[in-house]
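Have the viewer open as you read.

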Amino acid sequence: MSERAVLAGGCFWGMQDLIRKLPGVISTRVGYTGGDVANATYRNHGTHAEGIEIFFDPARISYRRLLEFFFQIHDPTTVNRQGNDIGLSYRSAIYYCDDAQKAEALRTIADVEASGLWPGKVVTEVEPVGDFWEAEPEHQDYLKRFPQGYTCHFPRADWVLPRKAAETDA
């Protein structure tokens, strides 16, 4: 049985390219979420963020591990910005699907804050999931089709929360 996660952390191309490769991730699609426009499109997405919808196997990868990776591949300390991408569309947000995801998001943010590894205070929004408007076909798997395309996402080796002995991947 799969679970769903919806995250926003800047340009959706780079997030999708890295997250889709994680063991336990079943599928991903990019789109617009967290805003005010019905049937959002690239040209008209109002206050929506560029986001990624992830379906994953919780027996292979936990929601916590997804969130930890999310915090490693984008900068959650910049308001409405990732790299050269500036604006509300590029905000950092976790759109939780249930109370358990909300609690895990808040715990993970607290652990990121307490670690002192990130360059500032986490500004990631934590909001209930709403509509997810799938982006146009040319945006889906963009970096798979154009490996040299633009991205501002990359794993940061020094932005990794310490693992506890009792923790596993799932």
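## A buried glutamine

Gln-72 counts as buried because its relative accessibility is 13%, where buried means under 20% relative accessible area, exposed over 50% and partly exposed in between (1.4 Å probe, protein chains only). Gln-72 sits in helix 2; helices (H or I, at least four residues) are DSSP runs, numbered from the N terminus. Beyond its neighbours within four places in sequence, Gln-72 is in contact (heavy atoms within 4.5 Å) with Phe-154, Pro-155, Arg-156, Ala-157, Trp-159 and Val-160.

This is a predicted model, in which local features need pLDDT of at least 70 and side-chain atom pairs pLDDT 80 or more, while totals for chains, interfaces and linings use all residues. Residues are numbered from 1 along each chain as its sequence is written, and side-chain values use heavy atoms, without hydrogens and water.

## The largest pocket

The largest pocket has a volume of about 230 Å³. On a 1 Å grid over the protein atoms alone, a pocket is an open set of points where a 1.4 Å probe fits, with protein on both sides within 12 Å along at least five of seven lines; lining residues have an atom within 4 Å of a point. The volume is the space filled by probe spheres set on the points, which are joined across faces, edges and corners.

Of its 15 lining residues, Leu-22, Arg-65, Glu-68, Phe-69 and Gln-72 are the closest to the centre of the largest pocket. Helix 2 (residues 63-73) gives the most to this lining, with five residues.

## Cysteines

There are zero disulfides, a disulfide being a pair of cysteine sulfur atoms within 2.5 Å. For Cys-11, the nearest cysteine sulfur is that of Cys-152, 6.2 Å away. Cys-11 is buried, with a relative accessible area of 6%, whereas Cys-97 is partly exposed at 32% relative accessibility.

Technical notes. Helices (H or I, at least four residues) and strands (E, at least two) are DSSP runs, numbered from the N terminus.
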